[in-house]
Amino acid sequence: MGNDRAGTRGGRVGQAAERAADSKGFERAARMGYVASGVLHALIGFIALQIAGGGGGDADSSGAVAALADQPGGIFLIWACFLGCLALALFQATRVFLDSGESKADVWKKRATDAGSAVVYGAIGVSFGVFALGGSSDSEQSQITWTGRVLSQPAGQLVVGLAGAVIAGIGIYFIFKGVTRKFRNDLKAVPGRTWQRTATATGIAGFVAKGISLVILGGLVIAAAVTADPEKSTGLDGALRALHEAPLGWLVLGAVGVGLVLYGLYMALIRARFGKL
């Protein structure tokens with residue numbers, strides 16, 4: 001009886017997920033999540049360019065959203081991005097119940113990917129949601145605080161070190177995905193030579209730039225683990241500023257900033273329009 005009830009509940013959840021995934025309105029709302037991600041990355045890229053030129057700003061999610069909030073009508077765009085990220089996170093979560101494959105390994109791989117995407121876009125949505133609801137946040141301080149809490153636990157240095165290695169590994173994968181143009185697998189057929197060239201140019205530069213920033217970010221987290229100093233885990237803004245302090249860092253940071261802007265354009269113009277859902 002228990003198994004039958006569990007199976008019935010699972011079937012109902014799967015049917016509800018399938019109906020949601022088939023909703024064109026839900027799909028359009030979900031694609032706004034890609035636009036929101038693009039806006040966020042483009043803003044971070046612009047702030048990185050300001051830093052490279054000797055200016056100020058916080059080149060992380062909270063700094064980017066705060067900069068957007070200061071613009072005329074920015075609060076309306078923040079709300080749109082918040083709702084878009086929420087829709088995309090929910091859409092990816094529903095995919096977990098619909099994934100299929102030739103083997104159980106394939107199914108669980110797809111489920112892990114969709115679940116991870118739901119978490120990522122949910123986190124981006126939180127960045128917009130805090131400001132949409134009238135609050136504020138500090139991404140760098142939040143990361144330092146959480147790193148300190150983990151380091152204070154038994155085996156905390158190991159956990160933080162592993163987290164840093166995972167972040168750096170994801171960064172290496174982004175670089176690989178950009179160089180080999182694997183990002184094209186995320187897209188449906190892109191019509192027209194202009195759109196195809198735009199997708200290729202923004203995808204290559206964007207994925208490589210984001211990968212570089214993640215590798216540096218992962219390195220800072222590993223440094224925090226090795227030294228047991230949470231202050232070294234300074235988030236994306238700290239990673240980009242560390243890049244700026246290197247020899248010819250202003251030039252490299254400028255290139256990464258341009259790449260992040262192009263990644264934002266890829267997400268907002270290409271992934272949002274031609275991305276597979």
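Colleague: Hi! Which residues form one aromatic cluster here?

Modeller: The aromatic cluster is made up of F174, F183, F207, Y263 and Y266. Rings of Phe, Tyr and Trp (its six-membered ring) pair if their centres lie within 6.5 Å; planes under 30 degrees apart are stacked, over 60 edge-to-face, and the rest tilted. Keep in mind that this is a predicted model, where local features need pLDDT of at least 70 and side-chain atom pairs count only at pLDDT 80 or more, while totals for chains, interfaces and linings use all residues. Residues are numbered from 1 along each chain as its sequence is written, and side-chain values use heavy atoms, with hydrogens and water left out.

Colleague: Thanks! What sits over the ring of F174?

Modeller: That's the charged end of K210, 5.6 Å from the ring centre. The rule wants NZ of Lys or CZ of Arg within 6 Å of the ring centre and within 35 degrees of the ring normal. R149 also has its charged end over a ring, that of W146, at 4.9 Å from the centre.

Colleague: What does K210 have to do with H41?

Modeller: K210 is one of the residues that H41 touches (heavy atoms within 4.5 Å). Leaving out residues up to four places away in sequence, H41 also touches L260, V261, Y263 and G264. H41 is in helix 2; helices here are DSSP runs of H or I with at least four residues, numbered from the N terminus.

Colleague: Buried or exposed, that H41?

Modeller: H41 counts as buried, because its relative accessibility is 10% and buried means under 20% (exposed is over 50%, partly exposed in between; 1.4 Å probe, protein chains only).

Colleague: Back to rings: how many aromatic pairs are there?

Modeller: The count comes to 10. One of them is Y34 with Y121, edge-to-face at 5.7 Å centre to centre and 85 degrees between the planes. This pair links distant parts of the chain, as Y34 is in helix 2 (residues 24-52) and Y121 in helix 5 (residues 104-132), 87 residues apart. Y34 is buried at 0% relative accessible area, and Y121 is buried at 9%.

Colleague: Nice. What about W79 and F82?

Modeller: W79 and F82 are edge-to-face too, 5.7 Å centre to centre with 65 degrees between the planes. Both lie in helix 4, three residues apart, about one turn of the helix. W79 is partly exposed at 33%, whereas F82 is buried at 19%.

Colleague: Which nonpolar patch on the surface has W79 in it?

Modeller: The one formed by I75, F76, W79, L83, L86, L90 and L133, with about 720 Å² of accessible area together. Nonpolar side chains are joined within 5 Å, like charges within 9 Å, and areas come from the Shrake-Rupley method with a 1.4 Å probe. I75, in helix 4 (residues 74-95), is partly exposed at 34%.

Colleague: New topic: what is A48 in contact with?

Modeller: Apart from neighbours within four places in sequence, A48 is in contact with A59, L240, L253 and G257. A48 is in helix 2 and buried at 1%.

Colleague: And which residues does D237 touch?

Modeller: D237 touches I51, G57, D58, A59, D60 and E140, not counting residues up to four places away in sequence. D237 is in helix 9 (residues 235-244) and is buried, with a relative accessible area of 2%.

Key:
Patch = residues over 30% accessible without salt bridge, like charges linked within 9 Å, V, L, I, M, F, W, Y side chains within 5 Å. Salt bridge = Lys/Arg side-chain N within 4 Å of Asp/Glu carboxyl O. Helix = DSSP H or I, 4+ residues; strand = E, 2+ residues; numbered from the N terminus.
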